[in-house]
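Here is a short report on one protein chain. Keep the sequence and the model in view while reading.

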Amino acid sequence: MNCPCCSGKSYEECCKPYHTGEKHAPTAEALMRSRFSAFAIPNGEYLMETTLPGKRKLHNKKDLQEWGEINQWVKLEIIQTPALNHVEFKAHYIDEDGDPQIHHEFSVFQKMHDRWYYVSGEFLD
Ligand SMILES: [Zn+2]
């Protein structure tokens, strides 16, 4: 199958090794892509694990899993990566009512012990 993150590569050659823990995403953008794929799969566990430990209390694995399940994840568009730890993206999805939605976010990532983590995001229009 094509990787849900729209890289044009197969899932096996793209985000799967990150989801299985075989490899760690080498850049914030790769982590961002693998997190989008984790919503599409969905894999709430991975979304939780790739959140900065100090921020995990703000999230809940079950909610992440459900958010992945109820929506249909259509497309990821990386708008820009203005710094190593910043990614602006648009996630296109179909919500549970069948309406197309765009989640536009400016995300902040942090590298710790050689691994990238999602810190937080600012939602844009
Ligand atoms: Zn991918």
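Predicted model: local features only at pLDDT ≥ 70, side-chain atom pairs only at ≥ 80, totals over all residues.

The report covers the sheet, the helix across it, the pocket, and a few backbone details.

Four strands build an open sheet, ordered β1-β2-β3-β4, with antiparallel pairing. Strands of a sheet pair through backbone hydrogen bonds, in a parallel or an antiparallel manner.

| Strand pair | Sense | Bridges | Residues between the strands |
|---|---|---|---|
| β1 and β2 | antiparallel | eight bridges | two residues |
| β2 and β3 | antiparallel | nine bridges | five residues |
| β3 and β4 | antiparallel | nine bridges | two residues |

Strand β1 covers residues 72-83. K90 stands opposite H104 in β3, while H92 has I102 of β3 as its bridge partner. Further along the sheet, E105 stands opposite F123 in β4.

**The turns**

β1 and β2 form a hairpin, with two residues between them. The hairpin of β2 and β3 has five residues between its strands, and G98 there takes a positive phi near 85°. β3 and β4 also form a hairpin. Which residue in its turn has a positive phi? It is H113, at about 45°. H113 takes this positive phi although it is not a glycine. Its place is in the loop between β3 and β4.

**The helix across the sheet**

Helix α2 lies across β1, β2, β3 and β4. It runs at about 165° to β1. In the loop between α2 and α3 (44-49) sits P42. The peptide bond that joins I41 and P42 is cis, with omega about -15°.

**The largest pocket**

Rolling a probe the size of a water molecule over the atoms shows where empty space is left. The largest pocket has a volume of about 450 Å³. It is lined by 23 residues. Which of them are the closest to its centre? They are R35, F39, H103, E105 and Y118. Elements that give two or more residues to the lining are α2 (28-40), α4 (61-70), β2 (86-94), β3 (100-112) and β4 (115-124). The largest share, five residues, comes from β4.

What is the make-up of the lining by class? It has 13 nonpolar, six polar and four charged residues. E105 links two parts of this account: it is among the residues closest to the pocket centre, and it stands opposite F123 in β4.

**The annotated span**

UniProt lists residues 27-121 as "domain: YchJ-like middle NTF2-like", in an unreviewed entry. In the model, this span is 31% helix and 43% strand. The end C-alpha atoms of residues 27-121 lie 17 Å apart.

Key:
Residues numbered from 1 in each chain as written. Heavy atoms only, no water. 1 Å grid on protein atoms, 1.4 Å probe; cavity = no way out; pocket = protein on both sides within 12 Å on 5 of 7 lines; lining within 4 Å. Points joined across faces, edges and corners; volume = space filled by probe spheres on them. Nonpolar A, V, L, I, M, F, W, Y, C, P; charged D, E, K, R; others polar. Pairing = 2+ DSSP bridges. Contact = heavy atoms within 4.5 Å. Axes fitted to C-alpha atoms, helices over the stretch in contact; angles between N-to-C directions. UniProt positions renumbered as here; feature names shortened; annotations may be inferred.
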